Amino acid sequence: MPPTLSEYDSKQLLREYGVATVREDLAADPEAAVARATQIGFPAVLKLCGATIAHKTERDLVRLGLADAAAVRTAAVDLLARKRPEDGDAQLLVQAMVRGRRELIVGLVRDTQFGPCVMLGMGGILAEAMRDVVFRMAPLTLQDAREMLGDIKAAHLLDEFRGEPAVDREALARILVAVGRIGIEREAVVSLDINPLIVSGTTPIAVDALVEIAES
Amino acid sequence: MSSLVERFRPLFYPRGVVITGVSSHPGKFGFAALHNLLCHGYEGEIFPVNRDGATVLDQRTWRDIAEIPPGRADLAFICTPAVANIETLRACARIGVRAAFVVSGGYSEAGEEGAAAEQELVRVAHELGILLAGPNGQGLVSTAVKMCAEIVPPYPPPGRISTVSQSGNILSSYMNYGQLTGVGFSKGISAGNGAALGLADYVEYFAEDPDTDVALAYLEGLRDGRRFVERAIACTGRKPLVLLKGGVTDRGQRAASSHTGSLASNDRIFAGICRQAGISRAETVEEAYEVAATFATQPLPRGRRVVILTAAGGWGVLCADACVRAGLDLIALPEDLRTHIDAVLPARWSRNNPVDMAGGETRDTIPELLDCIVGHEGVDAVIYLGLGIQAAQANVMKSSPFFPGHGLDRIAEFHERQDRRYAEAAAAASSRHGKPVLCATELVYTDRAYGNSAPLAVAESGRLCYPSAHRAVNALAHLCTYAAYRQARNGG
């Protein structure tokens with residue numbers, strides 16, 4: 001498997017392309033983590049973050065809903081204790097807790113036939129089970145991206161739904177266009193997952209992301 | 001004339017054709033090619049080449065290409081074995097041939113040595129300035145010059161569809177559908193190995209060809225996917241491209257560590273690209289043909305608002321279900337339209353969409369209904385069901401022991417005339433208002449039994465008569481999707 005960027009660096013790339021991401025910052029130790037969490041606001045999320053850590057959930061490296069400074073401090077100590085030698089210079093990643101019932105997945109893949117292709121799917125972490133996904137070849141026009149939203153089988157979930165407002169479709173379309181641009185402009189990017197992309201209020205926000213890069 | 005159209009002219013509009021490898025044995029490709037070219041009345045000169053100079057099919061043949069007067073043939077149809085073909089191309093070039101269709105096999109489909117021979121063929125054709133189609137292809141047709149240069153016979157009626165196929169037998173299927181329905185072709189070509197000219201090149205040409213209104217393609221594999229998509233987008237910006245793709249089922253999950261990668265099946269990616277490029281993708285060969293034939297014979301709708309006109313209930317109910325499933329907008333009847341229909345039909349009609357006449361029609365009802373429904377500003381397309389039932393009744397009467405007495409002759413003749421009128425009225429309303437009107441009836445299959453006047457009249461109007469409502473709905477849905485694609489990109 002190709003090497004990856006850390007979660008933080010993956011989202012740095014997205015931020016460069018104007019994709020809204022969760023508020024987050026890196027911290028080297030528990031005290032720094034508490035300071036960052038206080039700035040970002042509670043409840044907070046804490047993760048162990050490094051270029052070689054691709055599957056945090058499987059390794060139990062994610063702590064959600066940390067209500068106060070004490071909870072952050074405890075979680076930070078615990079996560080650092082789980083650090084392995086092969087994790088290299090892994091750090092703590094402090095994030096805001098993004099709430100929203102609707103989770104999406106956006107991705108980039110390089111097809112042998114058609115080159116960089118952008119994917120939009122429903123379900124976030126359930127996406128692989130739901131298989132409600134659509135693709136377009138990069139680069140995408142804004143109109144291509146708008147039509148992707150309509151091609152999702154559960155497209156009605158993007159409308160007003162159980163008390164949640166309609167998703168800002170233009171914002172979502174711009175994310176798809178941006179991911180297509182990454183595929184065209186960044187040849188070293190082998191693949192990209194934004195998973196989940198959580199709809200918070202009306203706004204889609206990249207909460208977790210993973211970029212695979214070509215071996216140099 | 002664009003340079004691209006000019007470049008393809010010797011292939012599809014040749015003034016004369018050289019056929020190499022002509023044999024006096026009726027089982028050989030070279031014999032079949034000459035036979036098919038002669039039979040369909042090719043308008044140019046034919047120069048059969050046979051190494052013994054034998055008379056074949058009453059035609060004099062030429063021993064040597066060099067003996068053919070220069071400047072009279074611009075296409076070579078090559079049926080000689082692969083080993084002879086480099087020399088053949090050179091000899092053809094010397095008498096002014098500008099395009100070649102190579103039927104012969106033994107090229108890249110036959111292993112490494114064949115692949116090298118194919119490369120050499122491409123190189124020499126390029127050096128000689130010959131446009132090279134094939135090798136290993138079934139042939140081509142071009143109805144404008146009545147050319148059936150094919151080693152298998154299906155030759156379609158003339159029309160506005162042009163097709164390219166990566167499989168000769170799918171080309172035959174398209175041609176056969178054309179023969180059966182009457183909705184015909186401008187051009188058809190089997191790409192063979194596509195050594196020099198691939199699917200993307202033909203699509204690019206069809207997009208510019210003034211004799212083509214609809215491009216239809218059968219695809220199995222692409223050498224350069226992105227180039228094909230570019231050409232497809234250029235085509236659909238001007239005219240529809242209908243595509244049937246074989247080999248879409250996945251060969252297994254890709255090895256992928258990313259979620260996106262594990263979801264990126266070939267078929268999902270291809271489906272998305274078709275939407276992006278405005279390609280009308282069909283799942284089956286008959287769907288591909290019917291959609292292309294619909295594009296070729298119906299105006300593009302401005303929207304998805306559909307009204308169903310039916311002679312009886314069940315047809316309308318099933319058609320309504322099909323419309324909803326296909327994402328068409330089965331509108332509630334506008335008040336003024338309902339009032340108009342009230343004035344024409346007895347009160348038992350359905351008073352909604354589908355407009356079920358419930359047997360209430362009299363002599364002039366259907367033409368009037370068709371015109372007022374199709375012409376209504378809130379209606380984008382109409383599906384008309386139940387055509388031909390009166391003519392079917394007439395057929396029963398005509399074979400009855402009581403015929404022609406008891407007034408049966410007069411009523412049978414009336415029924416047949418009426419059904420013909422309805423079909424003509426549907427086509428006339430469509431043309432007058434510039435909206436699609438699709439007629440569907442299984443009586444289209446009566447051709448061989450007795451020739452029901454209604455589907456016959458639909459065919460005579462140059463349109464397709466659909467064998468069922470759901471096939472009409474499916475074709476219409478493709479038209480609506482393409483129309484929306486065009487509107488979203490360049491205002492239609």
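Chain B is divided into domain 1 (1–151), domain 2 (154–297) and domain 3 (299–487), with bounds that come from an automatic or database domain assignment. This is a predicted model, in which local features need pLDDT of at least 70 and side-chain atom pairs count only at pLDDT 80 or more, while totals for chains, interfaces and linings use all residues. Residues are numbered from 1 along each chain as its sequence is written, chains are lettered from A and ligands numbered from 1 in the order in which they are written, and side-chain values use heavy atoms, with hydrogens and water left out.

**Domains**

In chain B, 24 residues of domain 2 are in contact with 20 residues of domain 3, where contact means heavy atoms within 4.5 Å. Chain A is divided into domain 1 (23–96) and domain 2 (102–213).

| Domain pair | Distance between C-alpha centres |
|---|---|
| Domain 2 and domain 3 of chain B | 30 Å |
| Domain 1 and domain 2 of chain A | 26 Å |

**The two sheets of chain B**

Helices (H or I, at least four residues) and strands (E, at least two) are DSSP runs, numbered from the N terminus, and two strands pair if DSSP finds at least two bridges between them. Five strands of chain B form an open sheet in the order β2-β1-β3-β4-β5, with parallel pairing. Its edge strands, each of which pairs on one side only, are β2 (45–48) and β5 (131–133) of chain B. Neighbouring strands of this sheet are turned by 20° against each other on average, direction ignored; axes here are lines fitted to C-alpha atoms, for helices over the stretch in contact, and angles run from 0 to 180 degrees between N-to-C directions. Within the sheet, β1 (residues 16–20) and β3 (residues 75–78) of chain B pair in the parallel sense over four bridges, and V18(B) stands opposite A76(B) in β3(B). Helix α3 (residues 85–94) of chain B packs on this sheet, where it touches β1, β3 and β4 (99–102) of chain B, and its direction makes about 160° with that of β3(B).

Another open sheet of chain B has seven strands in the order β7-β6-β9-β8-β10-β11-β12, and its pairing is mixed. Here the edge strands are β7 (147–150) and β12 (280–282) of chain B, each pairing on one side only, and the twist averages 15° from one strand to the next. Strand β11 (residues 241–245) of chain B runs parallel to β12(B) and is joined to it by three bridges; L244(B) has A282(B) in β12(B) as its bridge partner. Helix α6(B) lies across β8 (158–165), β9 (185–190), β10 (214–219) and β11 of chain B, running at about 160° to β8(B). Helix α10 (residues 285–297) of chain B lies across β8, β9, β10, β11 and β12 of chain B, at about 180° to β11(B).

**Nonpolar cores**

A nonpolar core is a set of buried Ala, Val, Leu, Ile, Met, Phe, Trp, Tyr and Cys residues joined through side-chain atoms within 4.5 Å; buried means under 20% relative accessible area, exposed over 50%, and partly exposed in between (1.4 Å probe, protein chains only). The largest such core has 66 residues, of which L11(B), F77(B) and Y202(B) touch the most other members. Helix α6 (residues 199–208) of chain B gives the most to this core, with seven residues. A second, separate core of 45 residues includes V214(B), V291(B), F295(B) and A472(B).

**Two polar residues of chain B**

D209(B), in the loop between α6 and β10 of chain B, counts as buried because its relative accessibility is 2%. Its side chain makes a polar contact of 2.5 Å with that of T212(B), a polar contact being a pair of N or O atoms within 3.5 Å in which, within protein, one must be able to donate a hydrogen and the other to accept it, and residues adjacent in sequence count only if both atoms are side-chain atoms. A polar atom of the D209(B) side chain also lies 3.1 Å from the backbone nitrogen of D211(B). R227(B), by comparison, lies in helix α7 (residues 225–236) of chain B and is partly exposed, with a relative accessible area of 27%.

**Helix α2 of chain A**

In α2 (residues 30–40) of chain A, the buried residues are P30(A), A32(A), A33(A), V34(A), A37(A) and I40(A), and the buried residues of α2(A) pack against β1 (24–27), β2 (44–49), α3 (69–81) and β4 (91–96) of chain A. D29(A) caps the N-terminal end of α2(A), with a side-chain oxygen 3.2 Å from the backbone nitrogen of E31(A).
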